[in-house]
Amino acid sequence: MLASCHAVSISDLLERASLRSDKLHSLSTSLTQDLDSHFPPMGRILMPRPSMCHTSSLQTPNDKEQALRVSESDLLSLARSLLQAWQGPLDLLSFEAPSLPHPAHGAIHSKLQELREHSSNLGDGLEVLVNKMDPSSQHIYDLPFRGGDMGQDKTSRLVNFNFLLSCLRRDSHKIDSFLKVLRCRATKTRTDMC
């Protein structure tokens, strides 16, 4: 008996990517909540603004209405650029987590390992999508991460760690939103229903 082989459709690939991006955003939200449970009040005052995130220079749609006006290839390119921009910072967060001055540092480290795995899997899936879609979606914006020093004292380390996580949460939400718009379009649903 011959095994049947069939090509996976773009809508199925986008469905899978949406599920992975949803998990990515869910994990980043959970991590932020874990860290917030023991975040010093002074840390909220010291925390940099979101405009200081290493990905803030990337011009992205601010809401769903704007995302609906962006081409498929541009949305895919934006999602891939954001995802790739987090490889280095995720490595840093994962490296710092075991020694983080936080009672749940072990759980935080485990979730970060899971997040890195989901990020890698999503990146692989988006690569497959790019090969099936418009070649112009292959463009990836360079968003260098210049961080690396979390600080020496307990408060600085927690503030910088929390700041990076808050940026990750913001960007994982964007990635998830862009992929959901793409999935909706691929299923030929009316744009106003997305």
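User: How many disulfides does the count come to in this structure?

Analyst: Happy to start there: the count comes to one disulfide. Bear in mind that this is a predicted model.

User: What makes Cys53 and Cys167 a disulfide?

Analyst: Their sulfur atoms lie 1.9 Å apart. The cut-off is a pair of cysteine sulfur atoms within 2.5 Å, so the pair qualifies.

User: Where in the chain do Cys53 and Cys167 sit?

Analyst: Cys53 is in the loop between α2 (41-46) and α3, while Cys167 belongs to helix α7. The two are 114 residues apart, so the link is between distant parts of the chain. Both Cys53 and Cys167 are buried.

User: Why is the disulfide of Cys53 and Cys167 called left-handed?

Analyst: Because the torsion about its S-S bond is about -85°.

User: Let's turn to single residues. Why is His102 called buried?

Analyst: Its relative accessible area is 3%, and buried means under 20%, so His102 belongs in that class. His102 is found in the loop between α5 and α6.

User: Which backbone atoms does the side chain of His102 reach?

Analyst: There are two to look at. The His102 side chain reaches the backbone oxygen of Leu35 at 3.5 Å, and the backbone nitrogen of Ala104 at 3.0 Å. Setting aside neighbours within four places in sequence, His102 is in contact with Asp34, Leu35, Ser37, His38, Ile108 and Leu158.

User: Which members of the largest nonpolar core touch the most other members?

Analyst: Leu112, Phe161 and Leu179 do, out of 47 residues in that core. At least two core residues each come from α1 (10-36), α3 (64-68), α4 (72-85), α5 (87-96), α6 (105-132) and α7 (154-186). The largest share is from α7, with 12 residues.

User: What does Phe161 touch?

Analyst: Not counting residues up to four places away in sequence, Phe161 touches Leu35, Leu93, Glu96, Ala97, Leu100, Ile108, Leu112 and Met150.

User: How many cavities of 30 Å³ or more does a search of the whole structure find?

Analyst: One cavity of 30 Å³ or more turns up. The largest cavity has a volume of about 40 Å³.

User: Which residues line the largest cavity?

Analyst: The lining is made up of Leu24, Leu82, Leu83, Trp86, Leu90, Ser119, Leu168, Ser172 and Ile175. The largest share comes from α7, with three residues.

Notes: Residues numbered from 1 in each chain as written. Predicted model: local features only at pLDDT ≥ 70, side-chain atom pairs only at ≥ 80, totals over all residues. Heavy atoms only, no water. Core = buried A, V, L, I, M, F, W, Y, C linked by side-chain atoms within 4.5 Å. Buried < 20%, exposed > 50% of the residue type's maximum accessible area, 1.4 Å probe, protein only. Helix = DSSP H or I, 4+ residues; strand = E, 2+ residues; numbered from the N terminus. Contact = heavy atoms within 4.5 Å. Polar contact = N/O pair within 3.5 Å; in protein donor to acceptor, adjacent residues only side chain to side chain. 1 Å grid on protein atoms, 1.4 Å probe; cavity = no way out; pocket = protein on both sides within 12 Å on 5 of 7 lines; lining within 4 Å. Points joined across faces, edges and corners; volume = space filled by probe spheres on them.
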